[in-house]
Amino acid sequence: MEVYIPSFRYEESDLERGYTVFKIEVLMNGRKHFVEKRYSEFHALHKKLKKCIKTPEIPSKHVRNWVPKVLEQRRQGLETYLQAVILENEELPKLFLDFLNVRHLPSLPKAESCGKLSHQPVLLFLRDPYVLPAASDFPNVVIEGVLHGIFYPHLQPR
């Protein structure tokens, strides 16, 4: 997963003071989508993440002025923050993926209370090895040996 914050914009509101919206670009499995978040949403995410994973520093909550240079520094800081969370954590918490609007599998029973996703390897045969057509008159010693070892370990030569 790759995350960038390519831009931000100032939003005016009749009900409250104006605020800045950051446009987050999320690249995952060859697909790209965008999410828009305010700084307050980043701050709320940070407070929740601190409870279950090691988090990097987040840019200061208080900005003295709203000049573009200062907002650009905040944009860079938030982008670095998101990228550091991804780099420093092998398993990303569900709430982080929800923040980025990334689909995920339901948490498994062994997943931590933070809602981390975990990888579980699966072993399977593409076809039933007993039904495979014989390629030649000679038996496939490798397949027979593996199957014999898995299903009849008590018959191993001593």
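Read along the sequence, the protein chain runs β-β-β-α-α-α-α. That is four helices and three strands, where helices (H or I, at least four residues) and strands (E, at least two) are DSSP runs, numbered from the N terminus. Before the details, the ground rules. This is a predicted model, in which local features need pLDDT of at least 70 and side-chain atom pairs count only at pLDDT 80 or more, while totals for chains, interfaces and linings use all residues. Residues are numbered from 1 along each chain as its sequence is written, and side-chain values use heavy atoms, with hydrogens and water left out.

Two figures for the whole chain. Of the 158 residues in the protein chain, 29% are buried; buried means under 20% relative accessible area, exposed over 50%, partly exposed in between, with a 1.4 Å probe and protein chains only. Among contacts (heavy atoms within 4.5 Å) with a separation of 6 or more, 43% are between residues 24 or more positions apart.

Now the core. In soluble globular proteins, nonpolar side chains tend to be buried together. A nonpolar core here is a set of buried Ala, Val, Leu, Ile, Met, Phe, Trp, Tyr and Cys residues joined through side-chain atoms within 4.5 Å. The largest one in this model has 23 residues, and I24, F42, L82, F96 and L100 touch the most other members. Two or more residues each come from β1 (2-11), β2 (19-28), α1 (39-49), α2 (68-88) and α3 (94-99). Which element gives the most to this core? That is α2, with five residues.

Take F96 from that list. Setting aside neighbours within four places in sequence, F96 contacts L45, L49, L82, V85 and I86. L45 is in helix α1 and is buried, with a relative accessible area of 5%. Outside four places in sequence, L45 touches L95, F96 and F99. L45 and L95 are 50 residues apart in sequence, and their C-alpha atoms are 7.7 Å apart in space.

F99 is the next one to look at. F99 sits in helix α3 and counts as buried at 8% relative accessibility. Again not counting residues up to four places away, F99 touches I24, V35, K37, E41, F42, L45 and L82.

On to the helix pair. How do α1 and α2 pack, in angle and in distance? The angle is about 30 degrees and the axes are 12 Å apart; axes are lines fitted to C-alpha atoms, for helices over the stretch in contact, and angles run from 0 to 180 degrees between N-to-C directions. That makes α1 roughly parallel to α2, given that angles under 35 degrees count as roughly parallel, over 145 as roughly antiparallel, 65 to 115 as roughly perpendicular and the rest as oblique. The crossing of the two is left-handed, meaning that the near helix is turned anticlockwise from the far one by less than a right angle; clockwise would be right-handed.

From α1, the residues involved are Y39, F42, H46 and L49, and they meet R74, L78, Y81, L82 and V85 in α2. By class, this contact has seven nonpolar, one polar and one charged residues. For that count, Ala, Val, Leu, Ile, Met, Phe, Trp, Tyr, Cys and Pro are nonpolar, Asp, Glu, Lys and Arg are charged, and the others, Gly among them, are polar.

H46, in helix α1, is buried at 9% relative accessibility. Beyond four places in sequence, H46 is in contact with T55, P56, I58 and Y81.

T20 is in β2 and is buried at 6% relative accessibility. Leaving out residues up to four places away, T20 touches F8, R9, Y10, K37, R38, Y39, W66 and L71.

Last, the backbone. Most residues other than glycine have a negative phi, and most peptide bonds are trans. Which loop holds N29? N29 is in the loop between β2 and β3 (31-38), and its phi is positive, near 50 degrees. N29 is exposed, at 73% relative accessible area. N101, also not a glycine, has a positive phi of about 55 degrees and lies in the loop between α3 and α4 (141-151).
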